[in-house]
Amino acid sequence: MLGADAATAEPLVEDPDRVAPATWDDGIELTLSQLVKDSETRASGRVQVMTIAHLRHQLGDDWTRYRDRVLLIAESTIGRMIGKGNTFIPQDEDSWLLLMPALSEADAARRADEIAALIGEKLVGERFSEAEPPLPQSAKIDLGGALNADGSLNREAMKAAVKRSRLLLAARDARRPVKLIGDAAPAAAKSPVSALDSVAASRSRFNELTLVYRPSWSADTESFDTFSLRAFDATGEAVFGPTDSQTAVNVATMVDIAKSAFADFTRLAASALRAKFVMPLPFALLHRKLGAAFLRAVSALPQKERLLHLRIEIVGLPADADVDALIAAREMFRGRVREVALLTDLAQPQRAAFLPDHILIGAEIPPGRFAAEAELKAALADFRRAAGTRRAYVMGLRSRSHAALAVEVGLDEVSGIGLADDHRHLPERVIVLPREKLTAP
């Protein structure tokens, strides 16, 4: 219960010049208090902080010039997308507290990411500065100490939690490329090709390879709308795999693969194909000069299109992958592309791959493993549980019945020769396959 003076207490809205959102009502503090009470971990994903503090910092003295326009874009987008039964509270001039009691923690985190992505997409056309503006970010906040002994909301603790999360997000964004590539602000490239041409290359095996696009069925669209680039040598062996021992591609070859892939992506962007384009990038090469060049190449792609269509899939993870290095790899591309994914081995998954948030996680089925359906289902279910709230996908399914098992355990995307053939070129349209047909015996 709220205290008797709740109606006259200082509002959580900290900027007196801003109008509270249309979704504001007298029960907002009660809603927030209840969400804190409901959180066993004191870090409920249903309470998220959304911030553009890093954009505000980058604008510096120009913030006052663009402030009203940015806030209008941000708050109108949040209001339209947050959904019935949910609400938000402005915090400072650059942050919002999103309250989503009508959603599960996983759906709330996903909704916050979707809102952040759409706000960023709307800001793409606004040239605030010479540098590409950083996108909004969202994260759940630590709710420890947010309630008083009587169950009422501790406003100061709540404000401190929001401020702490906002500053951490802004600082993390500022550090984004440094850890892996040693270049906090890669020079802009005129085109993806020119960026990659700057990399000193050894002998390329590109002419010995066959490139294909492997379609994946997506549970949310019930269609084959995700296309993953894969490459095979003359013997039919894949050159990209979930572990470093299964990924055999040098810098020169990767440069040529990327040039070809980005040409295909440019054609996809110019078409009406509503699909996701998955570009694999070996983890080991991120530590070399290719990492900086690849980042410049990605940044040279049309921003709106890469935010809508491009997924960077980090492959070839070491067995003892370091979680901090994986997070740094994610931060290298997060905000520049639609999503970042880590690919692991379903038979021997790298444990560190399940630790970073704000990432997709994929599993590839090794050839010759999990022939028995019961064994495969158990492995897929373990993988789905380990992935937690992250979107998860599986590759290498060998039959329609195996795909049905993957869908049954809750995986978001499934692919393999048992579902659809590889494409030598991106198709002109996506194929719709209703869930009941995919899972029918």
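A residue is called buried when its relative accessible area is under 20%, exposed when that area is over 50%, and partly exposed in between, with a 1.4 Å probe and protein chains only. By this criterion, Leu376, Ala379, Leu380, Ala381, Phe383, Arg384 and Ala387 of helix α12 are buried. The model is predicted, so local features need pLDDT of at least 70 and side-chain atom pairs count only at pLDDT 80 or more, while totals for chains, interfaces and linings use all residues. Residues are numbered from 1 along each chain as its sequence is written, and side-chain values use heavy atoms, with hydrogens and water left out.

**Overall composition**

- The protein chain contains 14 helices and 13 strands, these being DSSP runs numbered from the N terminus (helices: H or I, at least four residues; strands: E, at least two).
- Of the 441 residues in the protein chain, 54% count as buried.
- The accessible surface of the protein chain is about 19,600 Å², with 52% belonging to carbon and sulfur atoms; accessible areas come from the Shrake-Rupley method with a 1.4 Å probe, and for residues only the protein chains shown count as cover.

- Four strands form an open sheet in the order β2-β3-β1-β4, with antiparallel pairing; two strands pair if DSSP finds at least two bridges between them.
- The edges are held by β2 (87–91) and β4 (137–140), each of which has a single partner strand, so one side of each is left without a neighbour in the sheet.
- On average, neighbouring strands of this sheet are turned by 25 degrees against each other, direction ignored.
- Four bridges connect strand β1 (residues 47–51) with β4 in the antiparallel sense, and Val49 has Ala139 of β4 as its bridge partner.
- Helix α3 (residues 63–81) has 19 residues and spans 25 Å from its first C-alpha to its last, close to the 27 Å expected at 1.5 Å a residue; the expected span is 1.5 Å times one less than the number of residues.
- At Arg69, α3 bends by about 30 degrees, the bend being the angle between axes fitted to the seven residues ending there and the seven starting there.
- α3 lies across β2 and β3 (95–99) and runs at about 5 degrees to β3; axes are lines fitted to C-alpha atoms, for helices over the stretch in contact, and angles run from 0 to 180 degrees between N-to-C directions.
- Buried residues of α3 include Trp63, Tyr66, Val70, Leu71, Ile73 and Ile78, and also Arg67 and Glu75.
- Just after α3, Gly83 adopts a positive phi of about 95 degrees.

- Seven of the seven residues of strand β9 (residues 339–345) are buried, so β9 is largely enclosed by the rest of the structure.
- Both faces of β9 are covered, with Glu339, Ala341, Leu343 and Asp345 buried on one side and Val340, Leu342 and Thr344 buried on the other.
- In a regular strand, side chains alternate between the two faces of the sheet.
- Strand β8 (residues 310–315) runs parallel to β9 and is joined to β9 by four bridges, with Ile314 opposite Leu342.
- Helix α12 (residues 373–387) has 15 residues and reaches 21 Å from its first C-alpha to its last, close to the 21 Å expected at 1.5 Å a residue.
- The cover over the buried residues of α12 includes β9, β10 (360–364), β11 (392–395) and α13 (400–408).
- Gly388 follows α12 and has a positive phi, near 60 degrees.

**Individual buried residues**

- Lys276, in strand β7 (residues 276–282), is buried with a relative accessible area of 6%.
- Beyond its neighbours within four places in sequence, Lys276 contacts residues including Asp225, His309, Arg311, Glu339 and Glu413.
- Arg391, in the loop between α12 and β11, counts as buried at 18% relative accessibility.
- With neighbours within four places in sequence left aside, the contacts of Arg391 include Arg110, Asp220, Asp412 and Glu413.
- Ala269 of helix α8 (residues 251–270) counts as buried at 17% relative accessibility; Ala269 and Glu305, 36 residues apart in sequence, are 5.9 Å apart, C-alpha to C-alpha.
- Ala325 of helix α11 (residues 323–333) counts as buried at 14% relative accessibility, and its C-alpha atom is 9.4 Å from that of Phe283, 42 residues away along the chain.

Terms used:
Contact means heavy atoms within 4.5 Å.
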